[in-house]
Amino acid sequence: MLTLGAGAAAFVFAGYSPAVVAADERKGLFATQLADLEPDGMWTIYRRYHLVIVGQRDDAIASGFAVAAVDVLARFLPASRAQLARAPDTRRVGVLLGTNQQDVAIMAAESAEALFLAKPPFEDLRNVPLRLIVSFGSHVLVCRPDFTARHAYLLAQTLVAHNDALPAPATAPAGVVPVHPGSHAFFTSGEMPDE
């Protein structure tokens, strides 16, 4: 029974969901089939044209940074089409990033390090590729490493240029989690990457 449960959980994390399709009257069992949670593949395309920044409902500071960052980007980098999404807690933010369901989030700096190092509450999420874009002191804007370097550069540039509209200034990130190459290029006065 445990093996079945673990297998089902693995399929759900991979983007599939069990769906009851028919009842087998001879055996008295329900037949199940795995269904793709994104059958049309449109979410990936949507994320390519809309920047979704994940905040979290249980952390008022992270939520405030997320709202302010989306507002700054919507006003001063309108091509980003920045939007806010809220996860219930830091664990869910880590799962969304670790399973490639989201690309960008604001987390407490300690939570980002715990996710990167697979420490509690992320001990079961191993090898999550995480990069830093900017630091807000106690919190950081993080992304997946496949987030476009040009976009990371533009996010860092826009947020730093409009520090007065943020709860705390956006600065160069530091710590255990590596800095995204696009952000690194901005903070070291390098050229904006082409991609």
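**Helix packing and local geometry in the predicted model**

T90 is buried, with a relative accessible area of 16%; buried denotes a relative accessible area under 20%, exposed one over 50%, and partly exposed the range in between, computed with a 1.4 Å probe on protein chains only. The structure is a predicted model, in which local features need a pLDDT of at least 70 and side-chain atom pairs count only at pLDDT 80 or more, whereas totals for chains, interfaces and linings use all residues. Residues are numbered from 1 along each chain as its sequence is written, and side-chain values use heavy atoms, with hydrogens and water left out.

T90 belongs to helix α4, residues 90-98. Helices (H or I, at least four residues) and strands (E, at least two) are DSSP runs numbered from the N terminus. The side chain of T90 is joined to that of S111 by a polar contact of 3.4 Å. A polar contact is a pair of N or O atoms within 3.5 Å; within protein, one atom must be able to donate a hydrogen and the other to accept it, and residues adjacent in sequence count only if both atoms are side-chain atoms. When residues up to four places away in sequence are not counted, T90 touches Q56, D58, M107, S111, P121 and F122, a contact being defined by heavy atoms within 4.5 Å.

The protein as a whole contains 7 helices and 7 strands, which follow one another along the sequence in the pattern α-β-β-α-β-α-β-α-β-α-β-β-α-α. Of its 195 residues, 39% count as buried. Among contacts between residues at least 6 apart in sequence, 64% join residues at least 24 apart. The average pLDDT, the predictor's confidence in each residue on a scale from 0 to 100, is 83, and 74% of the residues score at least 70. Over residues 17-37 the pLDDT is below 50, although this stretch has 29 contacts in the model beyond near neighbours in sequence. Where pLDDT is low, predicted coordinates should not be read in detail.

Helix α3 comprises the 17 residues 60-76, and its end C-alpha atoms are 24 Å apart, in agreement with the 24 Å that it should span at 1.5 Å a residue. The expected span of a helix is 1.5 Å times one less than its number of residues. At the N-terminal end, α3 is capped by D59, a side-chain oxygen of which lies 3.1 Å from the backbone nitrogen of I61. The buried residues of α3 are A62, S63, F65, A66, A68, A69, V70, V72 and L73. Their cover includes the strands β3 (52-56), β4 (83-87), β5 (104-108) and β7 (139-143), together with helix α6 (149-161).

Helix α6 has 13 residues and reaches 18 Å from its first C-alpha to its last, close to the 18 Å expected at 1.5 Å a residue. Its buried residues are A149, A152, Y153, L154, L155, A156, T158 and L159; what covers them includes α3, β6 (131-135), β7 and α7 (181-187). The axes of α3 and α6 come within 10 Å and cross at roughly 100 degrees, which makes α3 roughly perpendicular to α6. The residues making this contact are A69, V72, L73 and F76 of α3 and L155, T158 and L159 of α6. Axes are lines fitted to C-alpha atoms, for helices over the stretch in contact, and angles run from 0 to 180 degrees between N-to-C directions. Angles under 35 degrees count as roughly parallel, those over 145 as roughly antiparallel, those from 65 to 115 as roughly perpendicular, and the rest as oblique.

Q157, also in helix α6, is partly exposed, with a relative accessible area of 31%. Leaving aside neighbours within four places in sequence, Q157 is in contact with F186 and M192. Q157 and F186 are 29 residues apart in sequence, and their C-alpha atoms lie 6.7 Å apart in space.

Particular backbone geometry was found in the loops. In the loop between α5 (109-117) and β6, which holds P121, the peptide bond from P120 to P121 is cis, with omega near 5 degrees. A118 is placed in the loop between α5 and β6; its phi is near 55 degrees, a positive value in a residue other than glycine, and at 12% relative accessibility A118 counts as buried. N100, in the loop between α4 and β5, has a positive phi of about 65 degrees although it is not a glycine. N100 is partly exposed, with a relative accessible area of 34%.
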